[in-house]
Amino acid sequence: MHPATPYSWLKHECERRDFPFYGVHTFRHLFVSLEIEAGIDPTTIAAMVGHSTPQTTLTTYSHFFADSKRKATNIIADIIEGKTAG
């Protein structure tokens, strides 16, 4: 595959669907952030996006993992508070 093929395809599809085009890297970043938000583990995400190790994924997207961890902690706290209050 020619290196410009993914870029050209995505640009064409965005134009065809009247979506804004921000480049391939932005879509990659969106994909990873949505995977993190969905609770997919870093090892699986790393394999899907071609990172050599999960540590690369954790480092590159640490801010998303921190947000996800905070949300999970708040959910557990709410559950505990609900169980102890009743």
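Which helix does T57 lie in? T57 sits in helix α4, which covers residues 54–60; helices here are DSSP runs of H or I, at least four residues long, numbered from the N terminus. Keep in mind that this is a predicted model, with local features needing pLDDT of at least 70 and side-chain atom pairs counting only at pLDDT 80 or more, while totals for chains, interfaces and linings use all residues. Residues are numbered from 1 along each chain as its sequence is written, and side-chain values use heavy atoms, leaving out hydrogens and water.

Let's stay with T57 for a moment. It counts as buried because its relative accessibility is 0% (buried is under 20% relative accessible area, exposed over 50%, partly exposed in between, using a 1.4 Å probe and protein chains only). Leaving aside residues up to four places away in sequence, T57 touches P42, I45, A46, H51, S62 and F65, where contact means heavy atoms within 4.5 Å. With H51, there is also a side-chain to side-chain polar contact at 2.6 Å (N or O atoms within 3.5 Å, one able to donate a hydrogen and the other to accept it).

Two of those neighbours, I45 and F65, belong to the largest nonpolar core, a group of six that also takes in V32, I36, V49 and Y61. Such a core joins buried Ala, Val, Leu, Ile, Met, Phe, Trp, Tyr and Cys residues through side-chain atoms within 4.5 Å. Helices α2 (24–37) and α3 (42–49) each supply at least two residues of this core.

I79 is partly exposed, because its relative accessibility is 42%.
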